[in-house]
Amino acid sequence: MIAIVACREEPLPTPAATVNVAAVGDDDNIEVAPADTAVPQATSEAEFTPTGPPTPGPPTPTPPPPKPMTICLGAEPTSLFLYGDDSLAATAVRHALYENLFTTLNYDYQPQGLQKLPSLDEGDARIGLVEVREGDLIVNSAGNVVFLVPGVQFVRGDGEFITFDRSLTADGAEPLLMQQMSVNFTFKPMIWSDGTAVTATDSVFSYQIAASPDVPGDHSKIERTASYEATGDLAVTWTGLPGFLDPEYFTNVWTPLPQHQLGEFAAADLVSGSGSLPNPVSNGPFVFSDWLAGEAITLRQNPNYYRADEGLPHITELTMRFDLAGETAVNQIAAGCDVVTHDGISLSQMPEVLAAAEAGDLLASFVSNNIFEHIDFGINSWENYGDGNRNGRPDWFEDVRVRRAITLCTNRQQLVDEITFGQSRILHAYIPDDHPLYPAEAQAWDYDPAAGNSLLDEIGLEDTDGDGFRELVERDLSFSIVATTTMSITLGTNSESEIRLRINELVAANLAECGIQVNTYDVIAEEWFEDGPFSPLFGRRFDLATFAWRTGIAPPCGLYLSSNVTGPEERGFGGWGNINATGWIDEDFDAACSAARTSLPGTPEYTEQHLEAAQIFTEQLPIIPLFHYLKTAVTQPTVLNFQPDASQPSELWNLAELDIEE
């Protein structure tokens, strides 16, 4: 999969050693008088006055009974450090230890540990002008971090694309200005589990650790940061490099780390877990208690959690097991798991999960994992593939009516029912229909083979010889047939995917009913996904091609920009390492998508142009969108407030709110 990184535009295990925690009893560190010195004060008889039976005081409140919960993960984390293991299992545990600063529900962003999300409209995010000089670090017009030297192309403060030369900063020249973004964030008052206040400097410390070359992960946002500094006890300000207008500017904040506890340790030691690292303090709903390698991590309620006055967390002790990883979800529920996370549930378990849910043994949740399966049309193929000569075939797919007809003839609901056991939904674009930027007037092209056949008839594709397959017919002036070309196409995918092989088998049968002969083939993934020019897929040497993209929160319209069509750059294409394998070029789509990608979320242009791009896409159909794969999680019927979400990576994002019905 290819991840698109926004630069002035939007983005497209070794078991850990057992950690021993010294047990702390309820009476530890409490000063009391020794028993042999506690002598009652004598009272003289004259001072004694009978008063009768003592008046009973108010009853001592009975503490609520313990409320444990067991969550079963798909694997054992290798590290709980914030910038260590980035697996789903580690992410799940970190939701217990570190408060979410924001969430990503419903393909959008919401503040949680922040007072609010900054916005340009409300003034806590700003775009200003800054003077730049030769040698300064900037973000150029291509979104790359470069030094400003002669020959560099960049966007001047007035929006003009120019190439730098020394005359621009010579004595007497006007100041050379570029746009620069700065954003203010304010944290909610929080307390570490050891009683120390969480401060803005903890977030700056976290940023400094994340920026270390010893810390793995994507450093692209850090590389585009000019400064990140505390501006108050609970306030920080992020400032980007000149030229970097980040569409996700409201996420440029770093989760606090306890500087008072970890400040003396090197970043490399924090990542590796080596040395005498202390047990982590927490600002989340739970506190680390114990880690038994190969079996479970235990956490207990954080008494200093900043939402404690809301009665949170509901659970008093949390056990995260991984000793059952590899067992089926149904078996894990039977073994005592209250929650089984999606990283431990494969598609092959779906029939058993659905049967257990039907029997009332568990509750099953199905949400998109944002991996969308689709079939690309080879619209503009490379070189002589598809040019009508003896080495190719007619340009069937340049005609949008052919693309629409093939989509109408494809029974996508059958694919959803068989591949995802009816739990996913048909896609009609590169985003699902519940995305906030999905257009209300989007075209659907639902399964309708009669309508598909009519379109093919209209195009002039006929079955002239009665063999069941259509031909492209050439006639002379007297309308006599002089030549025919059978509509015979190929449908390929990678050999390793049994799912895609089955998809292609079903689609070929669907299209045969519309008179289209389909020959399926497969090649190994190494060849299928190889960069062009010799790859069948990204070398644009296919008729129809089945594969998947992983997407995120923002609509990935950039996948289909003409500037991203694979091919040699010297001939005007996007390079053989690019992503648009269809070869589709549509000026209106390009204009809308490009405008959306260079706009900032929250602005009218961002919304309007994304809606327009998706609308054009559903009308022009450069691909057949099929379905999203799923995140499947299960719980005991007694678990409350379990809320998996398609755009929130872990279903344990709201651990503080999980509860068990009494």
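A residue counts as buried when its relative accessible area is under 20%, and as exposed when that area is over 50%; partly exposed lies in between. Keep those cut-offs in mind. The model on your screen is predicted.

**Stop 1**

Select Arg307. Its relative accessibility is 13%, so Arg307 counts as buried. Arg307 and Glu657 form a salt bridge, with the closest N and O atoms 3.2 Å apart. Arg307 sits in the loop between β13 and β14, and Glu657 in the loop between β24 and β25, so this pair ties together parts that are 350 residues apart in sequence. Glu657 is partly exposed, at 24%.

**Stop 2: a longer reach along the chain**

Select Glu662 and Lys67. Their side chains meet in a salt bridge, 3.4 Å from N to O. Glu662 lies in the segment after β25 and Lys67 in the segment before β1, so the pair ties together parts that are 595 residues apart in sequence. Glu662 is exposed, at 83%.

**Stop 3: a helix meets a strand**

Select Arg500 and Glu373. Here the salt bridge spans 2.7 Å, N to O. Arg500 belongs to helix α11 and Glu373 to strand β16, so the pair ties together parts that are 127 residues apart in sequence. Both residues are buried. Across the whole structure, a search finds 22 salt bridges.

**Stop 4: a covered helix**

Select residues 400-408, helix α8. How many of its nine residues are buried? Seven are, so the helix is mostly covered. Among them are Val400, Arg403 and Leu408. Show what covers these buried residues: the list includes β16, α9, α10, α11, α14 and β23.

**Stop 5: another helix and its partner**

Select α13, residues 587-597. Its buried residues include Phe589, Cys593 and Arg597. The buried residues of α13 pack against α14, residues 604-620. Then look at the start of α13. There, a side-chain oxygen of Asp586 comes within 3.1 Å of the backbone nitrogen of Asp588.

**Stop 6: an open sheet**

Finish with four strands. They form an open sheet in the order β4-β9-β11-β10, with antiparallel pairing. β4 (125-131) and β10 (225-230) are the edge strands, each pairing on one side only. From one strand to the next, the twist averages 20 degrees. Zoom in on β9 and β11: five bridges join them. Thr186 has Ala235 in β11 as its bridge partner. Last, select helix α2, residues 200-210. Helix α2 lies across β10 and β11, running at about 150 degrees to β10.

Key:
Residues numbered from 1 in each chain as written. Predicted model: local features only at pLDDT ≥ 70, side-chain atom pairs only at ≥ 80, totals over all residues. Heavy atoms only, no water. Pairing = 2+ DSSP bridges. Helix = DSSP H or I, 4+ residues; strand = E, 2+ residues; numbered from the N terminus. Axes fitted to C-alpha atoms, helices over the stretch in contact; angles between N-to-C directions. Contact = heavy atoms within 4.5 Å. Buried < 20%, exposed > 50% of the residue type's maximum accessible area, 1.4 Å probe, protein only. Polar contact = N/O pair within 3.5 Å; in protein donor to acceptor, adjacent residues only side chain to side chain. Salt bridge = Lys/Arg side-chain N within 4 Å of Asp/Glu carboxyl O.
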